[in-house]
Structures are given as structure tokens and as C-alpha cells.
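Let's take a walk through this model together, beginning with a sheet and ending with charged side chains. Have your viewer ready.

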Amino acid sequence: MPVILAIESSCDETAASICRDGNILSNQVATQAIHRKFGGVVPELASRAHMQHIIPVVNAALKDAGVSLPDIDAVAFTRAPGLIGSLLVGSQFAKSLSLALDRPLIEVHHMQAHVLANLIPDANPQGIPTFPFLCLTVSGGHTQIVLAAGPNDMQVIGETLDDAAGEAFDKTAKLLGLPYPGGPLIDKFAAQGDATRFRFAEPRIEGLDFSFSGLKTSILYFLQKETAADPDFVEKNMADICASVQHTIISILLKKMKAAALRHGITDLCIAGGVSANSGLRRAFTEMCAYERWRAFIPKFEYCTDNAAMIAITGYYKFLANEFSDLSVTASARAGWS
């Protein structure tokens with residue numbers, strides 16, 4: 001029954017988790033509110049905050065799990081992708097702890113971990129998906145469709161050619177004058193609006209890839225035109241604008257996911273990543289799968305946003321496969337699948 005200590009520090013969340021035999025015993029996260037006044041994550045401030053938070057967060061995770069450092073069988077950490085300064089804090093801490101405890105070191109790819117969050121035993125009331133399954137991984141920096149044949153056998157079969165869906169949400173929120181982080185606020189306003197009120201063109205991209213840059217541009221031009229005619233247009237129509245934008249983004253995502261499922265003949269479908277916390281996406285994804293008679297898997301909210309539990313479960317499967325790293329491993333801001 002291996003015990004894994006996992007550390008996540010890819011952006012502005014400092015997190016630590018303890019996993020024993022594939023079960024999550026603790027999942028601690030320290031957020032960084034300082035970025036709100038800047039309208040986005042400031043890399044230098046993020047890395048400094050990680051240095052302040054990492055020891056208290058690890059201690060809290062150990063205490064919550066009832067585990068001490070000598071009980072640890074391996075140390076897992078996020079190697080890539082993310083903000084390089086933030087990644088360095090987590091990776092150097094993990095390497096130092098691995099050396100001090102004389103325990104194996106396990107590097108984890110952040111996007112692989114989002115996919116495997118669906119394998120956390122208590123992530124979904126339906127249990128865990130059966131391999132092979134498809135996962136739509138949607139975050140502020142990535143949008144991918146992943147074909148998972150096994151916990152250590154995954155292939156990206158579709159991805160964004162430019163911007164991520166999460167970025168489309170955040171940039172739209174900024175155009176609407178909403179504070180950072182804007183994505184959740186769009187979701188909140190969308191629940192009160194008419195999703196068919198305004199129409200935005202969807203990109204025509206062949207295959208299973210995505211594109212969101214054109215959508216962002218069309219939203220910008222739409223708002224410029226309408227506010228020129230009525231300076232109060234956004235304030236008067238906030239709910240309908242948010243609902244219409246959210247509907248369009250979700251439509252783009254799910255059309256590609258449906259095409260991937262039909263092409264590969266897979267009936268277990270998952271979503272993951274920060275944007276999978278969006279209530280509109282969760283609802284539409286569930287409805288699509290029910291209509292097609294597919295099984296839908298959606299992690300709990302705490303496993304959607306950046307967290308260390310997903311690093312821990314990935315580390316667990318890597319431990320079983322003897323996939324360890326040596327101390328020469330380095331953090332990378334843009335590394336692909338490892």
C-alpha cells in the first residue's frame with residue numbers, strides 16, 4: 001500500500017496531498033488572493049507566495065492524513081507545464097524532500113494529472129471510468145481531447161490551435177468589466193440569462209482540434225459595436241451576453257467531444273480541468289451523454305481546479321509502473337506529455 005506525498009505548484013495554487021493505495025487521505029490547497037487586484041496572475045508574486053505556503057501546506061496535508069514523513073514511500077510533483085518560477089518552487093522542494101528521506105521521486109505532467117483526476121475513487125458518484133475512455137480537459141491554458149487507454153497510456157487526439165477555452169472565458173469577462181477571475185462570474189450571470197439572445201459564429205476547424213481566437217475577436221467587435229450605440233449596453237444585457245457566450249463555448253467543446261466519441265467508438269466520457277467546474281458545461285455534458293447513452297464522469301469541484309490530489313493519483317499509478325525520476329529532472333514551462 002504505497003503512500004505518496006504529492007505537490008502541485010504550477011500556477012497560483014500551492015497544494016499538497018497524501019494518497020495511500022490509490023485513496024486520497026488529504027488534499028490541502030492555499031490560494032493566492034493577491035493576484036485579484038492585478039486582473040491576472042503575476043508570475044513573480046506567485047512564486048514568492050509558493051515559497052511562503054509550501055511548508056505549511058505540506059504539514060497540513062500530513063496532519064490531515066495522519067501520516068508522518070517517514071511513512072512516505074515516494075514524492076510526486078508537478079514538473080510541467082506552468083509558470084516556471086512556480087514550478088521551480090515545487091520541484092526543488094520535492095527533490096530536496098526525496099533526497100532527505102531517501103525516497104523515490106515521481107515527476108507528473110499537469111495535464112495528465114487532470115485526466116487521471118477521474119480515477120480518484122470518490123471523484124464521481126458513478127465510480128471511475130473504464131479504459132479506454134475519452135477526457136475533455138479544459139483549463140485556462142489548455143483545451144484537449146485525450147484518449148486514455150490506461151493510466152500510463154494516453155494520447156492527445158485533439159487540442160486548441162490557438163487559445164484555450166478558459167482564456168476565452170477570462171478575456172470575455174475582462175471585456176465585460178468583470179473582476180478576476182472572471183470565468184466563474186460569467187457562469188453565474190449565464191444562469192440568469194437567455195443563451196439564444198445573441199449569436200456568435202463557431203469556428204470551422206477540421207478534425208478534432210479547437211480554435212477560440214476568432215470567437216474572442218467576434219465578441220470584442222460585437223461589444224464595441226453595441227456599446228457605441230448604447231454605452232450602457234453591457235450593464236443592461238450582462239446576463240444574456242454571458243449566457244450566449246457560454247453557450248457558444250460549450251457548443252464548440254461538446255461538438256468535438258461527440259465527434260471523438262463516435263470516431264473511436266468509446267462510451268465512457270470524462271471532463272476535467274478548471275473549466276469543468278463550469279455549471280453550464282457540466283449540465284450540457286451530462287445531457288449529451290444521457291441522450292447518446294454514454295456514461296458521463298465529472299470530478300468533484302475540488303478535483304477540477306488545480307489541486308494535489310490529481311498529482312497524487314497520477315503518482316500512485318506511476319509508482320506501480322516503476323516510473324521514477326532522478327534528481328537531474330528539471331521543471332519545464334512548456335514540456336509536452338512525459
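What follows describes a predicted model.

Start with the open sheet, where five strands line up in the order β8-β7-β6-β9-β10 with mixed pairing. Strands β8 (153-159) and β10 (295-297) stand at the edges with a single partner strand each, so one side of each has no neighbour in the sheet. On average, neighbouring strands here are turned by 25° against each other, direction ignored.

Now look at β6 (residues 133-138) and β9 (residues 268-272), which run parallel and are joined by four bridges. Here Cys135 stands opposite Cys270 in β9. Helix α7 (residues 233-264) packs on this sheet and touches β6, β7 (143-150), β8 and β9, its direction making about 160° with that of β6.

Let's turn to the charges: the structure holds 12 salt bridges. One of them pairs Asp122 with Lys300, their closest N and O atoms being 3.3 Å apart. Asp122 sits in the loop between α3 (110-116) and β6, while Lys300 is in the loop between β10 and α9 (309-320), 178 residues apart.

A salt bridge also joins Lys216 and Glu167, at 3.3 Å from N to O. Because Lys216 lies in helix α6 (residues 213-229) and Glu167 in helix α4 (residues 165-175), the pair ties together parts that are 49 residues apart in sequence. Is Lys216 buried or exposed? With 16% relative accessibility, Lys216 counts as buried, because the cut-off for buried is under 20%. Glu167, at 22%, is partly exposed. Both belong to a network of salt bridges that links Asp163, Glu167, Lys171 and Lys216.

How values were computed
Residues numbered from 1 in each chain as written. Predicted model: local features only at pLDDT ≥ 70, side-chain atom pairs only at ≥ 80, totals over all residues. Heavy atoms only, no water. Pairing = 2+ DSSP bridges. Helix = DSSP H or I, 4+ residues; strand = E, 2+ residues; numbered from the N terminus. Axes fitted to C-alpha atoms, helices over the stretch in contact; angles between N-to-C directions. Contact = heavy atoms within 4.5 Å. Salt bridge = Lys/Arg side-chain N within 4 Å of Asp/Glu carboxyl O. Buried < 20%, exposed > 50% of the residue type's maximum accessible area, 1.4 Å probe, protein only.
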